[in-house]
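Please keep the sequence and the structure in view while reading.

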Amino acid sequence: MTKKSTETNVKATNQKEADEIPEIKDSELFSHLFKGYGPEDLNPDKRLYKDLLTQYLKQEISKHPVSKKYDLVILFDDSTMMKSDADKVYNSVTKFTKDKPLLLVLFSSGGNPGSAYLIGKLCREYSNGKMVVVIPRYAKSAATLLCCAANEIHMGSLSELGPIDPQINGLPALGLKNSIEHIADLVKENPDSADLFAKYLSLSIEPIQIGYYERVAESAMQYAENLLSTHKENLPRDAKSIAYDLVYKYKDHGFVIDKTEAIKILGNEIIKGNTDEYDLGNRIYQILESQDRLLTLLKHNFYFIGSEDSEATINKRR
């Protein structure tokens with residue numbers, strides 16, 4: 001038998017084995033979820049569930065032909081983006097050969113701007129020079145900062161970005177400056193209130209805080225500008241002005257930057273609507289969101305960060 005014939009037979013055998021692997025059903029997945037993380041709390045089922053979820057994800061991803069075009073990364077984490085998220089992404093992307101574009105499916109309410117910046121840089125470094133982000137639902141605050149690294153951002157009717165303005169202790173960093181400006185306007189209108197406001201400010205705010213909060217906002221803008229500059233050839237205008245708008249333009253941290261609004265900021269070259277990539281990302285989101293919802297009912301936190309070969313992180317709530 002020739003070498004070519006042997007290789008052909010091996011491929012045929014591998015394909016046959018793949019075809020014979022039974023498809024994982026939703027009911028099988030949920031059965032092991034409840035056994036492992038429900039009242040029975042069976043450790044063997046915890047392990048089996050995580051393995052099955054990874055296999056199920058790969059099974060469903062393989063049904064989308066567009067997935068073959070990309071190295072895939074998933075960041076599904078509705079808590080706070082942090083350094084450990086960057087570590088998990090690093091562990092996944094360093095296995096890529098850099099011969100494909102990188103597609104990041106992103107679902108996040110935000111977190112640490114430095115971590116978002118690192119993840120954005122990692123995704124660009126370990127792609128073939130093109131990074132694509134899919135936002136099935138939302139990528140807010142620091143997650144929007146991460147999106148600044150992308151050559152393309154694929155959005156649907158329910159997708160949203162948000163202002164990048166950083167939060168400190170749950171409050172917007174720019175809020176202090178805006179509050180002081182508002183007080184100054186009130187004093188102009190009511191000069192007799194100057195002493196009252198001056199006393200209030202002296203008791204509640206240290207001058208160094210004003211400068212610190214502004215520096216935090218400037219840092220977020222610098223991160224955004226640096227990431228946008230990695231693909232400046234497809235920006236509708238200069239990176240600095242786009243970064244400025246994302247940090248300073250919107251008055252509400254929860255402002256919904258939907259597909260239409262995002263095009264105004266980033267242009268049609270970057271914002272893509274209702275694509276095959278979006279369909280793939282939305283299917284991944286639907287799978288993970290259903291697991292998250294059930295595990296939340298069972299008082300567990302759920303995250304999935306990494307490639308399609310990674311496993312979920314599940315922790316019992318305290």
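What percentage of the 318 residues of the protein chain count as buried? The share is 47%, where buried means under 20% relative accessible area, with a 1.4 Å probe and protein chains only. The model is predicted, so local features need pLDDT of at least 70 and side-chain atom pairs count only at pLDDT 80 or more, while totals for chains, interfaces and linings use all residues. Residues are numbered from 1 along each chain as its sequence is written, and side-chain values use heavy atoms, with hydrogens and water left out.

The protein chain holds 12 helices and 11 strands, which are DSSP runs (helices H or I, at least four residues; strands E, at least two) numbered from the N terminus.

A nonpolar core is a set of buried Ala, Val, Leu, Ile, Met, Phe, Trp, Tyr and Cys residues joined through side-chain atoms within 4.5 Å.

| Core | Residues | Including |
|---|---|---|
| Largest | 53 residues | Leu104, Leu106, Leu146 |
| Second, separate | 32 residues | Leu52, Val134, Leu295 |

Leu106 touches several residues beyond four places away in sequence, among them Leu75, Val133 and Cys147, where contact means heavy atoms within 4.5 Å.

Helix α2 (residues 26–37) packs against helix α12 (residues 276–297) at an angle of about 30°, with their axes 11 Å apart; axes are lines fitted to C-alpha atoms, for helices over the stretch in contact, and angles run from 0 to 180 degrees between N-to-C directions. Leu29 and Phe30 are among the α2 residues that meet α12, whose partners include Ser290 and Leu294.

Terms used
Buried < 20%, exposed > 50% of the residue type's maximum accessible area, 1.4 Å probe, protein only.
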